[in-house]
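Have the sequence and the 3D view open as you read.

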Amino acid sequence: MVALTFNMQGYAFQEGIRVLIAAHETTADALHEELQQAKENALAYQEEVERGETEWIGERDEDGHVIWDQEQVHDMEIESKVEGQAAIRKAFILALYHHWERSARIWTGSDKRDHDKLVAAVAAAGTTIHPRLGAVRDLANLLKHDNDKWGHALLLSWGAIFPLGFTQGPGRTNWYDAVRLSDAHLVEAFNIVAASGPSENG
């Protein structure tokens, strides 16, 4: 008979990732619904105004120029939902990487904060590390620190996260805003981290 093995630390690690995935999906679905509703509301308002079924809402100056109108309000609402989606993805990247860090300290019994030393300790304990875990680290540190050091590191380790043709301009670069995370990037990060720790079976 083959002995069954169960790794409690592996279970706790993988379950933590599953919880983060489920939490992101729930949040992302809710934001997606709000975004779709905002777009539908904007379109309905425009069509109703064009058909004369509702009055134009807004304010004009003495020369008749629009100061603001309801269409602008709808546009700002849509933009805020899109920004919310981006912010949620970035927040989950931070939570995901910190989950790995905290877990790795438990597996190794080490409080080392340096990523490379912690990776070495995890590997020495017999746990495989995904070769792209460093890219997730670079991304998390850029999102935390928003500076040139981590921006340049991320350009090298995961350049696809930046817009096509992105280049650093003169003056201070807003690296945080330059990052363009898609749901596919998030899935990739979850898979990288999941493959950088033990599983329930050892």
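The lining of the largest pocket divides into two nonpolar, two polar and seven charged residues. Here Ala, Val, Leu, Ile, Met, Phe, Trp, Tyr, Cys and Pro count as nonpolar, Asp, Glu, Lys and Arg as charged, and the others, Gly among them, as polar. This is a predicted model, where local features need pLDDT of at least 70, side-chain atom pairs count only at pLDDT 80 or more, and totals for chains, interfaces and linings use all residues. Residues are numbered from 1 along each chain as its sequence is written, and side-chain values use heavy atoms, leaving out hydrogens and water.

A pocket is an open set of points on a 1 Å grid over the protein atoms alone, where a 1.4 Å probe fits, with protein on both sides within 12 Å along at least five of seven lines; lining residues have an atom within 4 Å of a point.

| Pocket | Volume | Helices supplying at least two lining residues |
|---|---|---|
| Largest | about 180 Å³ | H2, H3 and H4 |

A volume is the space filled by probe spheres set on the points, which are joined across faces, edges and corners. Helices are DSSP runs (H or I, at least four residues), numbered from the N terminus.

Among the residues lining the largest pocket are Arg105, Asp114 and Lys144. The second largest pocket has five nonpolar, two polar and three charged lining residues, including Ile21, Asp29 and Phe190.

And Trp100? Which residues is Trp100 in contact with, leaving aside its neighbours within four places in sequence? Among them are Phe13, His115 and Val193, where contact means heavy atoms within 4.5 Å.
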